[in-house]
Amino acid sequence: MSFSRIVGQDRAVGRLRAAIRGGRLAHAYLLTGPAGVGKRSLARELAKAVLCERAGGQGADSCDGCRECRAVDEGGHPDCGTLMVEEGGGGGGPAAGAFPSGQAGSGGRFRPVEDSDREIKIASIRELTRRLSLRSSSGRTRVFLIPGAERMNEEAANALLKTLEEPVGSRLLVLTTSRPEALLPTVLSRVARVRLRSLSPEEVEAHLASVKKLPRDEARELAAASGGSIGAALAASVAGVRAARRFAAERLSAAPGRPLELSEAMMGYAREAADAAGGKGKTLEPVRRELLALWRQALGIHRAALGAALGAGPADSADARLAALGPERLERAMAALLRADRALRDYASPELVCRVLAGELAAALGG
Ligand SMILES: [Zn+2]
């Protein structure tokens, strides 16, 4: 029963299963929700539920074990394609890499799971349309997944729109995005939208421990810093989390009165971490990701500090100094961190965001 592997998304799963059961699955779905809460996993499970040779009946779920199911899981099913944009090289077209099998690797640090920030261009969508027009070898529904759909440029989105307007044959498109506002309204109006919710640290921990078989203490540590993102937790290492956490605790607790120093330290940290992860500072994107990771650490510390304030147990010793600032100051600091997070998501300059944030943090924590 493979839909059951999706953590904490009973409503979204229930809606899709009801549609399968009632034979009224839409031609195109858009799965939305924060990064790392299971959008891609749900898209894949939906593909399996549609293609599974033992599917059917009231379960409206895949068997998770037949040849079809395994092929979808391994990325090699002839009737299930995933649109991926080739990493590196700087070439424009989709080349041969537009529909590779398998998953992108993950580094030792936190990565937002909308992993490739490369634009989806019209050539990729044309290739997808061409594949959609082919007949399925088995007469089954053809399923295409478009992760990170917000990466489509306007030309690509318009090309996809044509495909959405002319549903041909038996096919299912599943788009996923954490930024639906970045999609054209015309695209949004032609897909059935299914929202996934944020996960609690406890849900992330439970998933890491039970599905990924991580030791409980590691699972708890990664979950606390994950910002409710299973993807982020999976892409992180415990050592990386501890280092970033220590950095965040030390710097934030030293913030009052020293905004410039804090801003420089954060940028320095982000650059170093991005270089270590292979970013080499060529673009600001890896820096942005590391800064996001840092905010997640701060969130984890904040939660621990609040827990301590509410008597839920002592905060980690590395966080004690920060926790001592008290919940009101930390709330204000978190509001500033979340504003910075939003600005970074909107691709504001990390330097500028850091400078503004450092000033706000100094004011929030000093008050
Ligand atoms: Zn199956």
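**Sheet order**

I began with strands β1 and β4, which run parallel and are joined by five bridges. Helices (H or I, at least four residues) and strands (E, at least two) are DSSP runs, numbered from the N terminus. I count two strands as paired if DSSP finds at least two bridges between them. The model is predicted, so local features need pLDDT of at least 70 and side-chain atom pairs count only at pLDDT 80 or more, while totals for chains, interfaces and linings use all residues. Residues are numbered from 1 along each chain as its sequence is written.

I looked for the bridge partner of T32 in β4 and found T177. Next I followed β1 (residues 28–32) to β5 (residues 192–195). These two strands also run parallel, joined by four bridges. Here L30 stands opposite R193.

I then went to β3 (residues 142–146). It pairs with β4 (residues 171–177) in the parallel sense, over five bridges. R142 stands opposite R171 there. β3 also pairs with β2 (residues 80–82), again parallel, over three bridges. In that pairing G81 stands opposite F144.

**Burial of the strands**

I call a residue buried if 20 or more other C-beta atoms lie within 10 Å of its own, exposed if 12 or fewer, and partly exposed in between; C-beta atoms are placed from the backbone. By that test four of the five residues of β1 are buried. In β3 five of the five are buried, so this strand is largely enclosed by the rest of the structure.

Which way do the residues of β3 point? R142, F144 and I146 point one way, and V143 and L145 the other. In a regular strand the side chains alternate between the two faces of the sheet.

**Helix α1**

I checked the length of α1 (residues 10–21). The expected span is 1.5 Å times one less than the number of residues. For its twelve residues that gives 16 Å, and the end C-alpha atoms are 16 Å apart, which agrees.

A12, V13 and L16 are buried in α1. Seen down the axis, the buried residues fall within an arc of 95 degrees, so they line one face of the helix. The arc is taken over the directions from the helix axis to the C-beta atoms. On the other side, D10, R11, G14 and A18 are exposed. The buried residues of α1 pack against α2 (39–51) and β5. I noted G23 after the helix; its phi is positive, near 65 degrees.

**Cores**

I take a nonpolar core as a set of buried Ala, Val, Leu, Ile, Met, Phe, Trp, Tyr and Cys residues joined through C-beta atoms within 7 Å. The largest has 59 residues, and A47, V143 and V174 have the most contacts inside it. α2 gives the largest share of this core, seven residues. Apart from it lies another core, of 15 residues, among them A336 and L357.

I listed the contacts of V174 (C-beta atoms, placed from the backbone, within 7 Å). Leaving aside neighbours within four places in sequence, V174 is in contact with Y29, L31, A43, L46, A47, V143 and L145.

**P201**

Last, I looked at P201, which is found in helix α7 (residues 201–210). P201 is partly exposed, with 19 other C-beta atoms within 10 Å. P201 touches A223, A224, S226 and G228, not counting residues up to four places away in sequence. From P201 to A224 is 5.5 Å, C-alpha to C-alpha, although they are 23 residues apart in sequence.

How values were computed
Contact = placed C-beta atoms within 7 Å.
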